[in-house]
Amino acid sequence: MTEGGRRINLDVRFPTSLEQHGSDAMHTDPDYSAAYVVLHTACGLRGFGLTFTLGKGTEIVVLAVEALADLVVGKSLQDIVKDFRGFYRLLTSDGQMRWLGPEKGVIQLATAAVLNAVWDLWARAEGKPLWKLLVDMDPEQIVSCVDFRYITDVLTEKEALDILVGAQEEDRMMKEGYPAYTTSCAWLGYSDQQLKQLCTDALKSGWTKFKVKVGANLDDDIHRCRLIRQTIGPNNTLMIDANQRWDVAEAISWVTSLSEFKPLWIEEPTSPDDILGHAAISKALAPLGIGVATGEQCANRVMFKQFLQASALQFVQIDSCRLGSVNENLAVLLMAHKFQVPVCPHAGGVGLCELVQHLILFDYICVSASLSNRMCEYVDHLHEHFTSPVVIQNAHYMPPKDPGYSCEMLESSVQRHQYPEGDTWKLLMNK
Ligand SMILES: C[C@H](O)[C@@H](O)[C@@H](O)[C@H](O)C(=O)O
Ligand SMILES: [Mg+2]
């Protein structure tokens with residue numbers, strides 16, 4: 001990898017807060033943003049990677065990426081992928097930098113951005129979309145990308161190999177795609193009128209599964225859930241998402257008050273680190289038929305391991321930019337399979353839909369072979385800034401065909417949205 005004398009790590013921000021896109025009970029004004037990484041090889045190939053942020057502080061992630069750059073620049077792609085587990089360890093276990101995490105917080109977001117770019121580069125070098133690169137790998141090679149440190153008490157390499165049965169129903173995915181649900185109809189800052197209109201339009205386009213933001217005000221939640229349930233009807237699926245707003249007892253009583261609207265899950269009811277709290281909530285809500293979903297702020301495989309061990313979640317929400325890239329997502333997919341807990345990836349952010357679709361296709365084809373209680377999140381924002389945007393047909397993700405990990409943004413979009421020097425921000429600041 002070379003640095004080529006120019007900046008390769010960028011702070012790119014979109015002013016989504018202006019229209020309340022992405023708003024929830026804890027993040028009331030997100031500007032969907034990314035620390036964006038471009039790797040250059042000596043032979044002229046480029047790999048693109050990103051990690052998702054909400055605006056302020058993205059510059060800190062960019063600095064963390066720069067701190068990791070020394071571990072990447074000067075290495076060849078072949079050297080990295082020949083011992084990908086070793087390279088993952090190098091990035092996450094540097095004797096000085098690991099003090100900043102380890103494997104969590106800003107440094108982990110930066111690790112994800114860098115490794116996402118490496119995976120993108122690898123898939124491009126092979127001329128395949130990332131999901132296909134994974135599907136075509138030997139189980140041994142897949143397992144060699146995973147760091148099993150701290151998880152061998154629940155998953156050994158041998159067990160992982162046994163799980164990876166090899167490609168199964170790839171054809172089904174090519175024909176039908178992977179089922180999706182939408183969050184874009186019901187961000188917390190949207191008006192009733194907007195909720196109703198967006199749900200009605202989504203129903204017409206074939207959507208049957210809807211997620212609603214809750215957690216700020218109970219009366220308002222009852223009102224919004226009623227409105228949406230009435231609009232989507234009794235047979236479509238509803239999920240609710242509190243984004244960590246409550247204490248444990250509060251979560252149980254609040255969700256009990258919303259149970260008449262029959263949500264499939266309550267997402268992030270409390271602190272993302274409170275594994276036993278999630279277990280208590282799961283136990284209390286099970287008789288109501290409501291599961292607990294979490295993972296978008298679960299920074300590493302060890303946390304997921306414990307959530308699974310403690311029966312603290314019924315839906316695993318992997319995130320392509322929170323965990324340490326594909327390497328660590330593979331570990332979580334395999335553990336979820338061992339515990340027979342369905343994986344429903346998180347994608348509410350810029351670029352997350354583009355990335356995570358690759359992981360869930362791999363999960364279906366090589367790991368789970370099941371669609372029961374499984375779906376991938378979709379949000380309808382900012383896809384126009386990517387060179388290979390997601391393709392949704394009849395509420396399904398259609399498998400990407402272009403080589404890479406779908407991380408590349410249009411150069412014009414990057415330029416316009418760079419913070420603070422891009423035109424979009426200059427204009428907003430001068431208002
Ligand atoms: C701030 C973001 O939009 C979150 O609200 C979003 O990721 C959300 O939790 C989701 O599940 O999509
Ligand atoms: Mg969420």
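Start by selecting β2 (33-40) and α1 (58-69) in this predicted model: each gives at least two residues to the lining of the largest cavity. Helices (H or I, at least four residues) and strands (E, at least two) are DSSP runs, numbered from the N terminus. A cavity here is a set of points, on a 1 Å grid over the protein atoms alone, where a 1.4 Å probe fits but cannot get out, and lining residues have an atom within 4 Å of a point.

Next, show I8, N9, V37, L39, V65, A69, V72, V73 and V114, the residues that line this largest cavity. Colour the lining by class and you will find eight nonpolar residues, one polar and none charged. Here Ala, Val, Leu, Ile, Met, Phe, Trp, Tyr, Cys and Pro count as nonpolar, Asp, Glu, Lys and Arg as charged, and the others, Gly among them, as polar.

Now move to the second largest cavity, with about 50 Å³ of space. Select L68, L91, T92, M97, R98, P102, E103, I107, Q108 and T111 to see its lining. Two or more of these residues come from each of α3 (84-92) and α4 (105-126), and α4 supplies the largest share, three residues. By class, this lining has five nonpolar, three polar and two charged residues.

How many cavities of 30 Å³ or more are there in total? The count is three.

A note for your selections: residues are numbered from 1 along each chain as its sequence is written, and chains are lettered from A and ligands numbered from 1 in the order in which they are written. Local features need pLDDT of at least 70, side-chain atom pairs count only at pLDDT 80 or more, totals for chains, interfaces and linings use all residues, and side-chain values use heavy atoms, with hydrogens and water left out.

Technical notes. 1 Å grid on protein atoms, 1.4 Å probe; cavity = no way out; pocket = protein on both sides within 12 Å on 5 of 7 lines; lining within 4 Å. Points joined across faces, edges and corners; volume = space filled by probe spheres on them.
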